Amino acid sequence: MAKTQVEEINRNIYDIRNKDNYDYKIKKGLTKEIIEEISKQKNDPDWMRDFRLKALEVYNSLELPTWGPDLSELDMNEIATYVRPKGKMASSWDDVPEDIKGTFDKLGIPEAEKESLAGVGAQYDSEVVYHSMKEDLIKQGVIYTDMETAVREYPEMVKEHFMKCVPVNDHKFVALHGAVWSGGSFVYVPKGVKVDIPLQSYFRLNSPESGQFEHTLIIVDEGASLHFIEGCSAPKYNKVNLHAGCVELFVKDGAYLRYSTIENWSKNMLNLNTKKALVGKNAQVDWVSGSFGSKISMLYPMSILNGENAKTEFTGISFAGKGQNLDNGFKVVHNAPNTSSVVNAKSISKNGGKCTYRSLVRITKNAPKSKSSVSCESLMLDDISVSDTIPTNDIETDEVEFSHEAKIGKISDKTIFYLMSRGMSEEDAKAMIVRGFAYPISKELPVEYAVEMNNLINLELEGAIG
Amino acid sequence: MSNSLLEIKDLYVNAEEKEILKGINLKINKGEIHVIMGPNGSGKTTTANAIFSNPVYTKLKGKILFENEDITESRTDEIARKGIFMSFQLPEEIPGVSVTNFLKYAKNKVTGQPVKIFEFKKELQKYMEELSMNPNNMERSLNVGFSGGEKKKNEILQMLVLNPKLAILDETDSGLDVDAIRTVSKGIEMFKNENNAVLIITHNTKILRSLKVDYVHILVDGKIVKTGSGELAKEIEENGYAKYKN
């Protein structure tokens with residue numbers, strides 16, 4: 001009994017369901033009039049309004065993907081694509097409305113900001129409610145703000161980069177994003193500036209039957225470096241919520257960017273997120289990704305290595321429980337000589353959950369002497385869970401080193417017996433094995449996220465028993 | 001006050017459909033070192049696993065008492081928490097879990113007490129030195145990439161840290177060189193006191209030379225056919241099991 005209580009207490013942190021106390025919520029559906037109304041509500045400049053309307057046309061012209069999880073339950077007529085929370089964006093937590101601040105408090109955001117972050121953005125439903133960055137970074141010319149402010153105050157930089165890395169016709173949900181995007185973060189790190197302490201944006205979706213479509217645009221200029229952390233969560237509702245964010249990363253020559261994410265959506269969420277990085281000469285982008293929760297997830301971060309000696313590493317884990325279909329992976333295009341990619345992907349499935357690792361490695365003719373090494377490992381906790389690996393490898397030049405290794409495993413009874421002989425219950429034993437399996441990923445995460453991830457693993461495993 | 005730790009009464013055990021133990025009786029008191037010897041396939045490992053309720057084995061008949069409490073139907077983790085430890089012939093590898101974290105967690109589970117990290121690490125370090133273990137192994141994943149000898153020493157380390165009332169060592173000496181066997185013996189001597197007991201399962205007598213063995217039991221075809229003092233081990237060393245086989 002005690003166990004069930006613990007679970008409920010923990011779960012409550014993510015499941016705080018505030019009253020749907022918005023300032024403005026657009027009516028459900030997706031029409032030209034709705035897009036025009038969102039644009040009006042957001043005070044878009046003309047170019048952005050036109051952009052949205054074109055994106056809507058593209059959306060209407062594209063079909064749902066013919067592969068991967070079945071998305072037929074998604075009915076855009078049942079989704080409100082814009083929900084403006086009460087209050088204006090604040091730079092002090094004291095100015096954030098009480099119920100919203102309470103949620104972020106419980107998620108530990110203001111505390112993390114004090115202890116280990118150089119800047120924080122917090123989005124609630126469709127708009128950013130808090131943004132702040134340390135003074136010394138402002139002095140060095142670093143820009144970290146919400147996307148709307150960036151559109152207003154840095155129009156040239158935004159126009160040059162906005163949806164240039166992820167083109168609006170990439171797929172249907174990118175087009176949707178282009179039409180209804182709202183919120184998100186804009187970061188610019190000037191040439192040579194090293195941001196030693198991470199910046200973090202947290203996206204919280206509270207409103208039922210709604211969508212979150214934040215846009216994250218990060219430009220790390222030549223020789224600069226940044227660690228950016230993104231966290232996402234939502235309470236559970238009975239009807240479908242949609243997340244179709246877009247992340248565009250421009251990592252210029254000699255720059256370094258580490259992009260860490262923990263997505264912890266509730267199990268009514270369709271997570272159709274698109275993330276892509278353009279990587280210049282001698283530059284590097286590292287992705288660290290934890291995907292928990294969500295009913296369906298289709299998430300394939302992508303690095304395009306356009307400059308000589310560009311590097312990328314992807315370290316990711318997915319955890320699918322009952323009723324979840326997590327179709328995640330990583331894509332890389334080697335498009336210049338001597339580029340390298342290292343992929344270390346893991347997945348855990350239990351209670352009938354399904355994890356698919358879907359990947360692409362393309363090494364073009366322009367990329368001799370490139371190296372790519374892919375390792376994916378899955379762990380199934382029972383006989384009814386599913387794990388699959390669907391790699392696509394497209395190697396167009398001979399002068400490359402390429403390796404792909406896939407392992408699918410189960411927890412052996414012998415291992416459980418061994419751990420139980422050391423006083424652990426069967427649940428403790430499984431949790432220890434799973435935490436150990438996930439450790440190569442969790443050690444790459446910022447420490448509070450690593451702790452969160454271990455808590456999530458314990459929570460998921462307790463759920464299996466309770 | 002009773003001195004009795006373990007008592008096995010007329011135990012019959014099957015592994016899958018096969019009859020392995022056919023009526024074992026054994027009594028171990030505090031302060032004693034017992035040895036079970038016997039040829040391959042006689043049921044030595046089954047005895048250890050049956051005490052620990054390994055689900056692979058089925059107990060058909062008989063009782064196992066620990067401190068006069070019936071543990072025949074107890075779960076493996078409950079048995080461990082009562083104070084029985086078993087060293088495995090083939091210890092499992094746990095990737096991503098360091099020796100330190102594993103032992104800290106196990107100690108917490110076995111004792112039900114919070115583990116004070118500083119004292120714990122000091123204790124661990126002391127034991128590792130005594131067992132000539134590489135201190136770097138503390139932060140390595142449990143048993144992953146360990147040599148056979150390192151794995152066995154790690155089992156002895158676990159015994160010392162968890163400090164059970166009864167330690168069952170299943171073929172801990174097999175496959176070890178002379179030095180490693182000496183280290184294992186040293187670990188047993190360090191562990192042993194008048195309030196605990198050790199049950200050594202082996203088909204090798206080297207490990208017994210430096211230990212003060214109280215009883216030797218000869219197990220053949222699922223039955224204890226002879227029980228004697230430490231001298232019996234010497235006799236086996238010289239003559240083998242031939243005279244005890246039918």
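1. Two residues are taken to be in contact if their C-beta atoms, placed from the backbone, lie within 7 Å. Helices (H or I, at least four residues) and strands (E, at least two) are DSSP runs, numbered from the N terminus. The model is predicted: local features need pLDDT of at least 70, side-chain atom pairs count only at pLDDT 80 or more, and totals for chains, interfaces and linings use all residues. Residues are numbered from 1 along each chain as its sequence is written, while chains are lettered from A and ligands numbered from 1 in the order in which they are written.

2. Chain A overall. Chain A has 12 helices and 24 strands. Its radius of gyration is 21 Å, close to the 23 Å that the globule rule gives for 466 residues, so chain A is as compact as a globular protein of that length. The radius is taken over C-alpha atoms, and the rule is 2.2 Å times the number of residues to the power 0.38. Along the principal axes, the C-alpha atoms of chain A fill a box of roughly 65 × 60 × 45 Å. Buried residues make up 56% of the 466 in chain A; a residue is buried if 20 or more other C-beta atoms lie within 10 Å of its own, exposed if 12 or fewer, and partly exposed in between, with C-beta atoms placed from the backbone. Of the contacts in chain A with a separation of 6 or more, 83% are between residues 24 or more positions apart.

3. The sheet of chain A. Ten strands form an open sheet with mixed pairing, in the order E4-E3-E7-E10-E13-E15-E18-E20-E22-E24; two strands pair if DSSP finds at least two bridges between them. Strand E4 (127–133) and strand E24 (400–410) of chain A are at the edges with a single partner strand each, so one side of each has no neighbour in the sheet. From one strand to the next, the twist averages 5°. Axes here are lines fitted to C-alpha atoms, for helices over the stretch in contact, and angles run from 0 to 180 degrees between N-to-C directions.

4. Strands E20 and E22 of chain A. Strand E20 (residues 340–349) and strand E22 (residues 370–380) of chain A run parallel and are joined by 10 bridges. A:Lys346 stands opposite A:Glu377 in E22(A). Helix H11 (residues 426–442) of chain A packs on this sheet, where it touches strand E15 (284–293), strand E18 (311–320), E20 and E22 of chain A. The direction of H11(A) makes about 155° with that of E20(A).

5. Helices H10 and H11 of chain A. The axes of H10(A) and H11(A) come within 9 Å and cross at roughly 115°. The two helices are therefore roughly perpendicular to each other (under 35 degrees counts as roughly parallel, over 145 as roughly antiparallel, 65 to 115 as roughly perpendicular, the rest as oblique). The residues that meet are A:Thr415, A:Ile416, A:Leu419 and A:Met420 in H10(A), and A:Glu426, A:Ala429, A:Lys430, A:Met432 and A:Ile433 in H11(A).

6. In helix H10 (residues 413–420) of chain A, the buried residues are A:Ile416, A:Phe417, A:Tyr418, A:Leu419 and A:Met420. Their cover includes H11 of chain A together with helix H2 (76–82) of chain B.

7. Chain B overall. Chain B has seven helices and 12 strands. The radius of gyration of chain B is 18 Å, close to the 18 Å from the globule rule for 246 residues, so chain B is as compact as a globular protein of that length. Buried residues account for 44% of the 246 in chain B.

8. The sheet of chain B. This open sheet of six strands has mixed pairing and the order E6-E9-E10-E3-E11-E12. Strand E6 (84–87) and strand E12 (223–228) of chain B are the edge strands, each pairing on one side only. Strand E9 (residues 166–170) and strand E10 (residues 197–202) of chain B run parallel, joined by five bridges, with B:Leu166 opposite B:Ala197 in E10(B). Helix H5 (residues 148–162) of chain B packs on the sheet and touches E6 and E9 of chain B.

9. B:Asn137. This residue lies in the loop between helix H4 (117–130) and strand E8 (141–142) of chain B. B:Asn137 is buried, with 20 other C-beta atoms within 10 Å. Not counting residues up to four places away in sequence, B:Asn137 touches B:Val99 and B:Glu150. B:Val99 is 38 residues from B:Asn137 in sequence and 7.1 Å away in space, C-alpha to C-alpha.
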